[in-house]
Amino acid sequence: MQQLTPPNGKVRMILDTDTYNEVDDQFALAYAYLSKEKIDLQAVYAAPFHNGRSNGPGDGMEKSYQEILRLLKLMGKSPEGFAFRGSDNYLQDVNQPMRSDAALDLVKKAMASSPDDPLYVVPVGCITNIASAILIEPKIIKNIVVVWLGGNGLNWPHQKEFNLKQDVLAAQVVLNSGVPFVIMPCRPVVSHFHTTIPELKYYLEGKNELSDYLYNIVVEYSHGKEAWSKVIWDVTAVAWLVNSSWISTNLVHSPVLTDQVTYSVDHGRHFIRMANELNRDAIFRDLFTKIASKDLIQKR
């Protein structure tokens, strides 16, 4: 319960991201790195994914890793000892971890942390790397807090949301582990975090190389659609650490994730924290201010 209290000061954080999957992960990585007043970003892990932008989970992970490198270069950050490849496949057994550089690095950093100074782990893709780290060394749950963008609300009829459904076994491992867990449910909460091409053009275009890159990848992703908006899901998990007042949350009993990919309720289970509402404007205001910063031009 104490670990689930929203943090007030600066936190140490790791971002776990399927960066090439869409265009929102790129914003989340930039936001986490640039929010230095609240976040000490200590590592970025590439997560597996499989959709039309990859040939399989391993290919998705590698493409995500390469996208991480591109973004770090734009922000003037060396990837050495900072960016790590994650699992090249999803969990196959709830008792068998998928060993990767990312999972092993998480174990190392978590074991060097403590309950009084926990490491905040923010996965914004499937949760394979985090589940694997917990399976490799279960003791790490005392020293970390996981803030996940994944699944839907407790009352949503199903949990067949992209991040969760890719690796149901990994989600079951984490939900059942007892780790302090904060969930940003996609529907009906984070699905409100939309922006548009005209808004991005106004706030980001021409400000610096990073802002132009982020603006252009959304334009390309839109394929010229009119009256179109894009939800930038993954930023919200970072935003809760930047300012928890922007995202209201409740303590709820950890749901049981069934093999049918639905949530069942068991009031005897441990507590987790789940978001129920967000301040869209406040988060975007902070995000745009940091990405469009003139400091980024000077660093380049």
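Predicted model: local features only at pLDDT ≥ 70, side-chain atom pairs only at ≥ 80, totals over all residues.
Biologist: Why is Glu22 called buried?

Modeller: The relative accessibility of Glu22 is 17%, and buried means under 20%, so Glu22 counts as buried. Glu22 sits in the loop between strand S1 (11–17) and helix H1 (24–34).

Biologist: What makes Arg53 a contact of Glu22?

Modeller: Contact requires heavy atoms within 4.5 Å. Leaving aside neighbours within four places in sequence, Glu22 meets that with Arg53, Tyr221, Lys230 and Trp233.

Biologist: Which backbone atom does the side chain of Asn152 reach?

Modeller: The backbone nitrogen of Arg187, at 3.2 Å.

Biologist: Why is helix H4 (residues 128–136) described as largely enclosed?

Modeller: Eight of its nine residues are buried, so the rest of the structure largely encloses H4. The buried ones are Thr128, Asn129, Ile130, Ala131, Ser132, Ala133, Ile134 and Ile136.

Biologist: What do the buried residues of H4 pack against?

Modeller: They pack against S1, strand S2 (39–46), helix H3 (101–111), strand S4 (119–123), S5 and helix H6 (168–177).

Biologist: Which residues have the most contacts inside the largest nonpolar core?

Modeller: Phe27, Leu41, Met184 and Leu210, in a core of 69 residues. Helix H1 gives the largest share of this core, eight residues. Another core, of 39 residues, lies apart from it, and Ala102, Leu175, Phe181 and Met274 are among its members.

Biologist: What is Phe27 in contact with, beyond its neighbours within four places in sequence?

Modeller: Phe27 contacts Leu200, Leu204, Leu214, Val218, Ile232, Val235, Leu287 and Ile291.

Biologist: What makes Asp117 and Arg12 a salt bridge?

Modeller: Their closest N and O atoms are 3.4 Å apart, and a salt bridge needs a side-chain nitrogen of Lys or Arg within 4 Å of a carboxyl oxygen of Asp or Glu, so the pair qualifies. Asp117 is in the loop between H3 and S4 and Arg12 is in strand S1, so the pair ties together parts 105 residues apart in sequence.

Biologist: Are these two partners buried or partly exposed?

Modeller: Arg12 has a relative accessible area of 17%, so it is buried. Asp117 has 42%, which falls between 20% and 50%, so Asp117 is partly exposed.

Biologist: How do you know that Glu37 and Lys290 form a salt bridge?

Modeller: Their N to O distance is 2.8 Å, and the limit is within 4 Å, so they form one. Glu37 lies in the loop between H1 and S2 and Lys290 in helix H10 (residues 280–291), so this pair joins parts 253 residues apart in sequence. Glu37, at 45% relative accessible area, is partly exposed, whereas Lys290, at 13%, counts as buried.

Biologist: Which residues are linked with Glu37 in a network of salt bridges?

Modeller: Asp286 and Lys290. The whole structure has eleven salt bridges.

Technical notes:
Residues numbered from 1 in each chain as written. Heavy atoms only, no water. Helix = DSSP H or I, 4+ residues; strand = E, 2+ residues; numbered from the N terminus. Buried < 20%, exposed > 50% of the residue type's maximum accessible area, 1.4 Å probe, protein only. Polar contact = N/O pair within 3.5 Å; in protein donor to acceptor, adjacent residues only side chain to side chain. Core = buried A, V, L, I, M, F, W, Y, C linked by side-chain atoms within 4.5 Å.
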